[in-house]
Amino acid sequence: MTSYPRWTLRTEHTSYTVRLSPDGPWAELDAWGPLGVEDGPSALDWSHRTHFVTPADAAPAEYLPYGLRPFTGSELVAARPGQDRGVWWDFDGAEEGEGSLRLAFTDDVLGLRTVLCYETVPGTDVILRWTELTCTEELRLERLDSAAVNIPVTGTARLTYLTGQWSQEFQRTQLDLARGTFTMGSLQGAPGHAYAPWLAVQDGEAEAAYGIALAWPGNWHITAEAEPGGSVRVRAGRVPHEGVVHLTPGDTLTTPRLACAFSADGLDGLSRVWHRYERHLSGERLHRPRKVLYNSWEATGFDVEAAGQLELAKLAADIGAELFVVDDGWFTGRGDDTGGLGDWYPDPAAFPQGFGPFVQDIRALGLDFGLWVEPEAVSPNSRLYAEHPEWVYRIEGRPARLVRNQLLLDLGRGDVQDFVIGTLDRLLGAHDISYLKWDMNRPPTERGRPGAGPVDLDAEHVAGYLRVLDHLRAVHPDVTVEGCAGGGARIEHATIARTDVVWPSDNTAPLDRLSIQHGFLHAHAPHVMSSWVTDAPGIFDPRPRSLAFRFVNAICGVLGIGADLRTWTPEERAEAAGWIARYKNVRDVVHRGEARLLGTPHDSTCGVQYDLDDRTVVAALGTGRLDGAPLVPGRPDRLRLRGVDPAAHYRDTATGTTYSGAHLLHYGLPFAWSADHDAELVVLIRQ
């Protein structure tokens, strides 16, 4: 029996084995799952059992071009200009490193070298995959995915993904796919509000879960195909705005990283794999406390003036906030959303004593200071647009369409990047600013650059965006950066690696936000989830909830306040101060601990459990009726914990009650909800 080369990559709990196919010149998945899963015949081996398709079409291939795989979907479509499409390659060697693998394939006729790249991430169960394409001839790339991921199933595949719209992002959605194709993505120049570039796949209702996440803040797609023979093949990658990418001789194109993860503990276990990975992405910034912020937008809107902002800052400082952020409306010409973008100078009418003294007045209250910016946007009546109309995306001879009364700068241009970097350097250098909220409220529409020839506009904008963020990280390392795009429209791993927190949604209503955060925490970590307490009423679920509910919900991530504190009663401010103090005592557990999702927003009680060292923090929320007993009179609802030691004992720091771990696992924590008591933050100390 002929032996074919195999390579195994191992993480802390998983292994991933690739082999050269016995059927042709390609790599295919041999095994992926818990450590040791590679020991035995491959569950994906269908070699020499194909009918009416080629072996490549049936193979669990890691990456195949159109040409070798003509019928069932390919990851790479390439051709020379004016010639037929297709790549036929030969294996050209493997390079193994510590936790890395590179497999090379060449097409000497076309002049293309394709390298499949693999890399484990230390301290996580994530394997990164991407592809490098190098040409010796001029080529057109019509498809250039990052990777294909093969998942064996015995029946129907269960897909879990995150869907939504503006103000309703990250809704956990499930689909059973027996046969056929499922696809999602975005052509909005950002991941978008409708779908997150994240997917989980399970074998029906089986516990084990496989997941992928694409690190790309531009156009993208994820496509899952339930194939004959018991497999789901997932392809993922960027989508060129122009439909094709041109390469010239000597060019190398590197696709976005695709993070691949496995957990034997289902979707909840998979979420912890992603959380650990995002803590890895944060690096040393993880250990910098995320400060409690107050943002003035919902209190003042565009009506920004120094006296009113200082009044809010004093109230925020009194309840324990650590950071004051002035949102939209602080700069010249910004009385509403029709002007000012691009002219990033403080409005002298709003700050008659000067912006510098205003910042120092905020600092004198013991607060850090932050600003909202939207660097990619420009207003048509701004000075910037008058001086540089060529800097916006436009198509010659076509009208410029306004979205939110603004245009979008072509951040792929070096001069635009330099302008943005210079603007941010000027603001951060002239004033004691420690926080930037980077917003993006407008996708590109007339996306062109007249006279530039064939340009990969989407990739160039992404590169410009990441260049600016990398500059901020290098030159202003102590500045906290928040990523925002009209809420959660640009949240993926490339952004998370360069920011400190992200804004999941503009919707801060209590039960609406609970649903958003429940989905968000499946894919992303608590320490990056900015969450505010506001006065916002429900949009999709208008049932009222208490101030305590809003605080406990916000404490599940990075706590902020966006309400108009001037309208709060002294009792409400005192209650808020108590919650903020409690948050400060547990935020290290929330941000660095292992998180477990307990129930769903559809249950009468749900929550999030956080474990770090000897502390367990449970944010519990009553989501059902508050005007009657949940089960029978006198019997509380219960929230079963997970992951605690059944042989240990845990003391509730508020009540002194002691529970065995077995009790918490089997019966759970009791909660007696009522109309004026719908949330609790429980802190347990292991004895």
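Helix 10 gives the most to the lining of the largest cavity, with four residues. Before you click on, note that this is a predicted model: local features need pLDDT of at least 70, side-chain atom pairs count only at pLDDT 80 or more, and totals for chains, interfaces and linings use all residues. Residues are numbered from 1 along each chain as its sequence is written, and side-chain values use heavy atoms, with hydrogens and water left out. Helices (H or I, at least four residues) and strands (E, at least two) are DSSP runs, numbered from the N terminus.

**Stop 1: the cavity**

Select Leu514, His518, Leu597, Gly607 and Val608, which lie nearest the centre of the largest cavity among its 14 lining residues. Two or more lining residues come from each of helix 10 (510–523), strand 31 (594–598) and strand 32 (605–612). The volume here is about 100 Å³. A cavity is a set of points, on a 1 Å grid over the protein atoms alone, where a 1.4 Å probe fits but cannot get out; lining residues have an atom within 4 Å of a point. Grid points are joined across faces, edges and corners, and a volume is the space filled by probe spheres set on the points. By this rule there are nine cavities of 30 Å³ or more.

**Stop 2: helix 11**

Now select residues 547–555. Are the residues of helix 11 buried or exposed? Nine of the nine are buried, so the helix is largely enclosed by the rest of the structure. Buried means under 20% relative accessible area, exposed over 50%, and partly exposed in between (1.4 Å probe, protein chains only). Among the buried residues are Phe549, Arg550 and Val552.

While you are here, find Arg545, whose charged end sits over the ring of Phe549, 5.7 Å from its centre. The rule for this asks that NZ of Lys or CZ of Arg be within 6 Å of the ring centre and within 35 degrees of the ring normal. For another example, select Arg85, which lies over the face of Tyr66 at 5.0 Å from the ring centre.

**Stop 3: Ala619**

Move to strand 33 (residues 615–622), where you will find Ala619. Ala619 is buried, with a relative accessible area of 1%. Leaving aside neighbours within four places in sequence, its contacts (heavy atoms within 4.5 Å) are Val552, Cys556, Cys606, Gly607, Val608, Glu680 and Leu681.

**Stop 4: the aromatic cluster**

Select Trp330, Phe331, Trp344, Phe351, Phe355, Phe358, Phe369 and Trp372, which form one aromatic cluster. Rings of Phe, Tyr and Trp (its six-membered ring) pair if their centres lie within 6.5 Å; planes under 30 degrees apart count as stacked, over 60 as edge-to-face and the rest as tilted. The structure holds 27 aromatic pairs. One of them is Phe351 with Phe355, edge-to-face at 4.9 Å centre to centre and 75 degrees between the planes. Phe351 also pairs with Phe358, tilted at 4.8 Å and 45 degrees. Phe351 is buried at 3% relative accessibility, and Phe355 is buried at 7%.

**Stop 5**

Finish with strand 9 (residues 139–144), which pairs with strand 4 (residues 76–79) in the antiparallel sense over four bridges. Two strands pair if DSSP finds at least two bridges between them. Strand 9 also pairs with strand 18 (residues 245–247), in the antiparallel sense over three bridges.

Technical notes:
1 Å grid on protein atoms, 1.4 Å probe; cavity = no way out; pocket = protein on both sides within 12 Å on 5 of 7 lines; lining within 4 Å.
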